[in-house]
Amino acid sequence: MNRKANVLTRLAALVLLIGIASAGCASSGASSGASPSGSTSPTSTALSSQSASAIPTPTDSASSSATASTGPTASTSPTSAAKATNAPVKSPAGATPAPAAGPAAVNLGTAGNYVLLSKAGISTTGATKVTGSIGVSPIAATAITGFGLVLDSSRTFSRSSLVTSRVYAANYSVPTPNTLTVAVKDMETAYTNAAGRAAGVTGLGAGNIGGLTLAPNVYKWSSNVTIPTNLTLSGGKNDVWIFQISGTLSISSAKQIILAGGAQAKNIFWQVAGTTTLGTTSTFNGTILDMKNIALQTGAVLNGRALAQTAITLQANKVN
């Protein structure tokens with residue numbers, strides 16, 4: 001019996017060992033056959049422990065790049081935008097006009113209200129056309145001849161078919177006499193002012209300035225000045241020329257003073273101590289401030305003003 005019991009005990013132990021061995025194999029097989037998604041290897045554990053933003057995908061990288069170029073740290077930041085808005089706007093090349101060249105313009109005062117102003121009289125023959133007003137003082141209206149004057153009912157001015165505006169004389173009713181007195185005084189002041197400017201160029205061409213091109217400046221001569229061929233004044237629309245002439249001034253028949261580059265007649269001043277003569281069919285530009293007589297020969301055109309301290313004579317001229 002004892003022997004039989006021992007055998008049975010050994011068999012039971014053997015069965016138990018086989019069972020334990022089988023259980024171990026089953027556990028090992030289950031572990032080796034698990035899928036990758038269920039893997040808990042050290043590598044996968046490390047990755048899964050990081051936040052999503054710490055691992056930029058291609059899409060994340062593009063988003064990051066866009067933010068760098070358009071975000072607050074880029075040129076569209078509030079600070080940068082404010083600077084751009086408040087900064088001076090740079091004008092395109094050539095858009096900003098240059099400062100006026102040459103001297104300051106001569107102030108004509110109330111004399112500038114007249115295209116022709118004389119102390120000794122104004123006469124005309126032929127089909128003269130004057131655009132603007134004319135006046136004489138201290139002489140009376142009888143010194144204005146050839147204009148066919150028609151006195152206005154106010155008796156303060158006359159009209160003429162040759163003059164687009166009004167004709168004034170010292171013997172007309174108030175306030176005309178006083179107005180003309182002031183205008184003549186302003187004319188004389190302008191003459192003195194122009195004569196007193198510091199010269200930039202002296203004695204150019206020994207007085208013969210035909211064929212030249214002159215930039216804005218103050219030109220002075222102690223001699224007569226002649227313009228036997230076309231003269232060009234070249235400069236901008238605000239540039240100024242002053243010509244100081246101690247002798248006479250003359251431009252030959254059919255010759256011109258040509259304005260180039262935007263130069264304007266209103267910014268050109270001829271201060272003449274002697275007489276001024278504009279040859280037949282010539283074209284002259286500027287304000288003539290003459291201490292003596294100004295004579296426009298047949299068909300001459302004056303774009304500007306004739307302000308004379310003696311007389312002005314016209315012969316079928318145009319004064320604009």
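Analyst: Let's start with a contact, which means heavy atoms within 4.5 Å. In this predicted model, 51% of the contacts with a separation of 6 or more are between residues 24 or more positions apart. A word on the ground rules: residues are numbered from 1 along each chain as its sequence is written, and side-chain values use heavy atoms, with hydrogens and water left out. Because the model is predicted, local features need pLDDT of at least 70 and side-chain atom pairs count only at pLDDT 80 or more, while totals for chains, interfaces and linings use all residues.

User: What is the mean pLDDT of the protein?

Analyst: pLDDT is the predictor's confidence in each residue, from 0 to 100. Here the mean is 81, and 69% of the residues reach 70 or more. Over residues 25-92 the pLDDT is below 50, and this stretch has 16 contacts in the model beyond near neighbours in sequence.

User: How many helices and strands does the protein have?

Analyst: Helices (H or I, at least four residues) and strands (E, at least two) are DSSP runs, numbered from the N terminus. The protein has five helices and 23 strands.

User: How do I read a helix such as α5, and which of its residues are buried?

Analyst: Begin with length: the expected span of a helix is 1.5 Å times one less than its number of residues. α5 has 20 residues and reaches 29 Å from its first C-alpha to its last, close to the expected 28 Å. Then look at burial, where buried means under 20% relative accessible area, exposed over 50%, and partly exposed in between (1.4 Å probe, protein chains only). The buried residues of α5 include Leu180, Val184, Met187 and Tyr191. Seen down the helix axis, the buried residues fall within an arc of 160° (taken from the directions from the axis to the C-beta atoms), so they line one face of α5. On the face turned away from that buried side you will find the exposed residues Asn178, Lys185 and Thr192.

User: And which residue forms a salt bridge with glutamate 188?

Analyst: The general idea first: side chains of opposite charge can pair when their charged atoms come close. The rule used here asks for a side-chain nitrogen of Lys or Arg within 4 Å of a carboxyl oxygen of Asp or Glu. By this rule the count is one salt bridge. Glutamate 188 pairs with lysine 119, and their closest N and O atoms are 2.7 Å apart. The pair links distant parts of the chain, as glutamate 188 is in helix α5 and lysine 119 sits 69 residues away in the loop between β1 (116-118) and β2 (121-125). Glutamate 188 counts as partly exposed because its relative accessibility is 27%, and lysine 119 is also partly exposed, at 26%.

User: What is phi of alanine 254?

Analyst: Phi of alanine 254 is near 65°, a positive value in a residue other than glycine. This alanine lies in the loop between β15 (249-251) and β16 (257-260).
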